[in-house]
Amino acid sequence: MVSTWADFQAAQRSALAALVAGDPHDFQQLWDRAPDVSLLGAFGGVARGWEEVRDRLAAVAVTYRNGVYRRLDQLDEHVHGDTAWTVHVEEIHSRSATGEPEVRERRVTKVYRRRAAGWRIVHMHADPLVTTSFPDEGATGP
């Protein structure tokens with residue numbers, strides 16, 4: 001059992017490194033098993049409920065296989081009672097299915113809840129980090 005928020009965050013960093021190296025087990029163990037967990041991952045789609053999230057995380061591990069976390073920059077963190085959230089930017093180096101090197105930079109937001117057994121992830125949203133781009137001046141928008 002991971003007892004403190006700091007211990008949980010350290011375990012999560014280690015589990016993420018294992019996930020992109022091809023092993024989803026430790027990261028899966030950090031998730032709540034409740035039917036309201038959700039994952040809006042950077043590969044697209046929505047996974048709802050523990051079984052869908054578990055399977056999606058396994059697919060992510062297979063996709064990355066021998067990936068490496070090069071950067072995980074925590075931008076924000078709030079812990080209030082039994083609820084917490086974090087926002088970070090990550091950079092993962094891996095290889096495509098054809099063996100070509102790939103670098104993926106992502107924005108990630110996670111929501112957590114504290115259970116009797118410790119902190120657990122209940123929601124994660126990740127999407128590609130893109131450069132800031134505003135519409136051309138003079139363009140009309142909604």
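This is a predicted model: local features need pLDDT of at least 70, side-chain atom pairs count only at pLDDT 80 or more; totals for chains, interfaces and linings use all residues.
A few ground rules come first: local features need pLDDT of at least 70 and side-chain atom pairs count only at pLDDT 80 or more, while totals for chains, interfaces and linings use all residues. Residues are numbered from 1 along each chain as its sequence is written, and side-chain values use heavy atoms, with hydrogens and water left out.

The protein has 3 helices and 6 strands, taken as DSSP runs numbered from the N terminus (helices are H or I, at least four residues; strands are E, at least two). Read from the N terminus, the order is α-α-β-β-α-β-β-β-β. Of the 142 residues, 39% come out as buried, where buried means under 20% relative accessible area, exposed over 50% and partly exposed in between (1.4 Å probe, protein chains only).

In soluble globular proteins, nonpolar side chains tend to be buried together. Here, the largest nonpolar core holds 29 residues, and F27, W31 and V53 touch the most other members. Such a core is a set of buried Ala, Val, Leu, Ile, Met, Phe, Trp, Tyr and Cys residues joined through side-chain atoms within 4.5 Å. At least two core residues each come from α1, α3 (49-64), β3 (68-80), β4 (83-95), β5 and β6. As for W31, leaving aside residues up to four places away in sequence, its contacts include W50, V53, L57 and the run R120, I121, V122, H123 and M124.

On to the rings. The model has 6 aromatic pairs, the rule being that rings of Phe, Tyr and Trp (its six-membered ring) pair if their centres lie within 6.5 Å; planes under 30 degrees apart are stacked, over 60 edge-to-face and the rest tilted. One of them joins W5 and W119 edge-to-face, at 4.9 Å between centres and 75° between planes. The partners sit 114 residues apart in the chain, W5 in helix α1 (residues 5-20) and W119 in strand β6 (residues 118-128). W5 is buried at 14% relative accessible area, and W119 is buried too, at 1%. Another edge-to-face pair is F8 with Y112, with 5.6 Å between centres and 85° between planes. This one also links distant parts of the chain: F8 belongs to α1 and Y112 to strand β5 (residues 101-115), 104 residues apart. Both F8, at 0%, and Y112, at 1%, are buried. Ring pairs connect W5, F8, Y112 and W119 into a cluster.

A charge sits over a ring if NZ of Lys or CZ of Arg is within 6 Å of the ring centre and within 35 degrees of the ring normal. The charged end of R33 lies over the W50 ring, 3.9 Å from its centre, and that of R106 over the F43 ring, at 4.9 Å.

There are 10 salt bridges in the structure, each requiring a side-chain nitrogen of Lys or Arg within 4 Å of a carboxyl oxygen of Asp or Glu. R71 takes part in bridges to D73 (3.0 Å, N to O) and to E91, with the closest N and O atoms 3.7 Å apart. R71 is in strand β3 and E91 in strand β4, so this pair ties together parts 20 residues apart in sequence. R71 is partly exposed at 24%, as is D73 at 31%, whereas E91 is buried at 17%. E102 and R104 form a bridge at 2.9 Å, N to O; E102 is partly exposed at 25%, while R104 is buried at 17%. Salt bridges also link D32, D36, R113 and R115 in a network.

R120, in strand β6, is a buried arginine without a salt bridge: D32, the nearest side chain of opposite charge, is 6.2 Å away. For charge, Lys and Arg count as positive and Asp and Glu as negative; His and the chain ends are not counted. Beyond residues up to four places away in sequence, R120 touches F8, W31 and Y112, among others.

Definitions and conventions:
Contact means heavy atoms within 4.5 Å.
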